[in-house]
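Please look over the structure shown below before reading the notes.

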Amino acid sequence: MDEDGAREAGKEQVVLMWGYLPGVSPQRSPLLGPVPVRLPPAAAGDAWRDVCGGGCGFAMAISESGKLLTWGSTDDMGQSYVTAGKHEETPEAFPLPSDVAIARADAGWAHCVAITDEGVVYTWGWKECVPTGRVIADQASVGTLEKDERQSAIANNQDISHNKGNSIAVSPRSQVSRTSSGAASGPSESRGTEESTKRRRLSSAKQGNDSSTSGDENLSAPPCVVTFNTGVKITAVAAGGRHTLALSDFGQVWGWGYGGEGQLGLGSRIRTVSSPHPIPCIESTSYGKDRLSAMKGNKNAEGQINKVTGNRVTAIACGGRHSVVVTDSGALLAFGWGLYGQCGQGNTDDVLSPTCVSAILGVKMQDVAAGLWHTVSISADGDVYSFGGNQFGQLGIGSDQAETIPKLVDAPSLENKNARSVSCGARHSAIITDEGEVFCWGWNKYGQVGISLLYYYDFSQVRWGKTLV
């Protein structure tokens with residue numbers, strides 16, 4: 001039974017959460033197993049529809065009426081607290097226009113993006129992630145949108161770590177319809193010193209006044225409508241650490257935000273793109289040296305390239321500082337930060353333009369997800385491939401060594417299993433099989449792997465949503 005069928009049958013939708021949501025637990029301890037989330041009294045008569053990737057220490061879900069509900073943060077979490085609408089234990093509607101019905105949403109470390117059924121895009125949060133657009137919220141409700149070039153320069157030299165430590169799922173009482181996994185949270189490992197050190201700078205505005213979030217509000221932009229070219233309808237969005245991708249109904253990818261490592265795919269290290277720009281994923285796709293050598297001298301090379309890249313993009317994902325997309329031919333393209341091999345090019349170089357992951361060109365990919373430093377994709381045949389950082393086993397290959405080219409995840413537990421959906425947290429990964437089984441691996445310090453989940457709920461109807469670090 002699909003989601004609509006479940007609703008027609010009168011099955012109650014249930015949202016489950018687990019992992020790190022400090023505003024939910026009295027002792028701020030991680031939720032090691034699934035806990036139901038109740039709709040607020042103000043939503044009487046409404047119901048859960050879907051869940052979205054939450055940000056650092058907060059969760060997001062969508063109600064049947066199209067309200068975007070947020071919860072889980074605390075007032076000492078700075079920028080994330082402001083971005084989450086200052087909602088703690090009880091889910092509350094984020095202050096968007098009352099006549100707006102949200103269809104899908106995603107969150108980065110401290111910015112959010114959402115789209116309506118009509119393809120209109122709203123975004124808010126960390127200023128450099130929010131393009132110039134029409135402000136639709138009272139500035140006092142979220143923050144200020146001052147055009148301060150000095151502040152922009154400061155923001156451009158700051159870095160952040162995408163530590164989302166929660167997982168949420170939505171399900172009918174007897175069958176689950178949709179789910180989304182959050183990312184790991186907590187202190188970065190030694191190789192992530194840069195992220196953890198610079199992250200601390202973001203909370204410096206709070207020092208000296210523990211009860212105030214004014215400093216963080218000054219770094220935050222209220223919700224605004226993102227302006228695209230006339231006729232562009234957005235059908236999917238993905239939020240990275242400091243950048244955002246959007247996919248139109250014609251398969252064109254758009255991007256904005258920070259692009260210092262090439263994660264915007266524009267062929268340069270442009271630091272900030274303040275308005276949506278089309279990313280040339282098809283017409284100018286690059287190929288690895290091995291692939292180019294194989295095609296050299298081949299009169300049909302151009303035709304082969306077109307066949308490989310396809311005609312349109314069908315799926316998008318943002319990692320911490322890299323991006324990945326899947327085309328209608330099943331090609332996987334990656335671009336951005338490559339320090340851990342998360343772009344799959346056999347090296348640790350940054351990739352400034354969309355580039356085919358040539359090691360798996362013969363495998364038709366179906367979906368992809370990206371974590372802080374790793375990438376996981378699933379093929380049309382249900383196989384799982386992973387590459388990039390692996391400090392906590394997030395690649396699922398039985399070791400903690402990073403991989404710069406895709407590796408088949410062939411764990412014994414996945415024998416004769418076909419993956420049909422994939423999700424990544426910062427340092428953990430999850431898939432759902434066509435039989436509704438959930439498999440998770442990676443960092444579990446805060447319960448984000450949620451192993452106990454397998455024993456309580458049937459995931460035969462899950463559509464595992466994209467989660468952003």
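The model is predicted.

- An open sheet is built from 4 strands in the order 18-19-20-21, with antiparallel pairing.
- Its edges are strand 18 (313–318) and strand 21 (351–356), each of which pairs on one side only.
- On average, neighbouring strands of this sheet are turned by 15 degrees against each other, direction ignored.
- Strand 19 (residues 322–327) and strand 20 (residues 332–336) run antiparallel and are joined by 5 bridges.
- Ser-323 has Phe-335, in strand 20, as its bridge partner.

- Another open sheet has 4 strands in the order 3-4-5-6, and the pairing is antiparallel.
- Strand 3 (48–52) and strand 6 (92–93) are the edge strands, each pairing on one side only.
- Strand 5 (residues 68–71) is joined to strand 6 by 2 bridges, and the two run antiparallel.
- Leu-69 has Ala-93 of strand 6 as its bridge partner.
- As background, strands of a sheet pair through backbone hydrogen bonds, in parallel or antiparallel fashion.

**Aromatic rings**

- The structure contains 9 aromatic pairs.
- One of them joins Trp-337 and Tyr-340: the ring centres are 5.8 Å apart and the planes stand at 85 degrees, so this pair is edge-to-face.
- Trp-337 has 9% relative accessibility and therefore counts as buried.
- Tyr-340 also counts as buried, because its relative accessibility is 3%.
- Tyr-340 and Trp-373 form a stacked pair, because their ring centres are 4.7 Å apart and their planes are at 25 degrees.
- This pair links distant parts of the chain, 33 residues apart: Tyr-340 is in the loop between strand 20 and strand 21, while Trp-373 is in the loop between strand 22 (365–370) and strand 23 (374–379).
- Trp-373 is at 1% relative accessibility, so Trp-373 counts as buried.
- One aromatic cluster is made up of Tyr-20, Phe-392, Trp-443 and Tyr-446.

**Charges over rings**

- The charged end of Arg-321 sits over the ring of Trp-337, at 3.9 Å from its centre; Trp-337 is the residue whose ring pairs edge-to-face with Tyr-340.
- Arg-242 lies over the face of Tyr-258, 4.0 Å from the ring centre.

**Nonpolar cores**

- The largest nonpolar core has 30 residues, of which Val-253, Cys-281, Val-313, Ile-316, Val-325 and Leu-332 touch the most other members.
- At least two residues of this core come from each of strand 14 (234–239), strand 15 (243–248), strand 18, strand 19, strand 20, strand 21, strand 22 and strand 24 (384–388).
- Strand 18 gives the largest share, 5 residues.
- Leaving aside residues up to four places away in sequence, Cys-281 touches Val-253, Val-313, Val-325, Leu-333 and Pro-354.
- A second, separate core holds 17 residues, including Ile-62, Leu-68, Val-100 and Val-225.

**A loop residue**

- Ala-411 is in the loop between strand 25 (403–408) and strand 26 (419–424).
- Ala-411 counts as partly exposed, because its relative accessibility is 25%.
- From C-alpha to C-alpha, Ala-411 and Ile-397 are 6.9 Å apart in space, and they are 14 residues apart in sequence.

Conventions:
Residues are numbered from 1 along each chain as its sequence is written. This is a predicted model: local features need pLDDT of at least 70, side-chain atom pairs count only at pLDDT 80 or more; totals for chains, interfaces and linings use all residues. Side-chain values use heavy atoms; hydrogens and water are left out. Two strands pair if DSSP finds at least two bridges between them. Axes are lines fitted to C-alpha atoms, for helices over the stretch in contact, and angles run from 0 to 180 degrees between N-to-C directions. Rings of Phe, Tyr and Trp (its six-membered ring) pair if their centres lie within 6.5 Å; planes under 30 degrees apart count as stacked, over 60 as edge-to-face and the rest as tilted. Buried means under 20% relative accessible area, exposed over 50%, partly exposed in between (1.4 Å probe, protein chains only). A charge sits over a ring if NZ of Lys or CZ of Arg is within 6 Å of the ring centre and within 35 degrees of the ring normal. A nonpolar core is a set of buried Ala, Val, Leu, Ile, Met, Phe, Trp, Tyr and Cys residues joined through side-chain atoms within 4.5 Å. Contact means heavy atoms within 4.5 Å.
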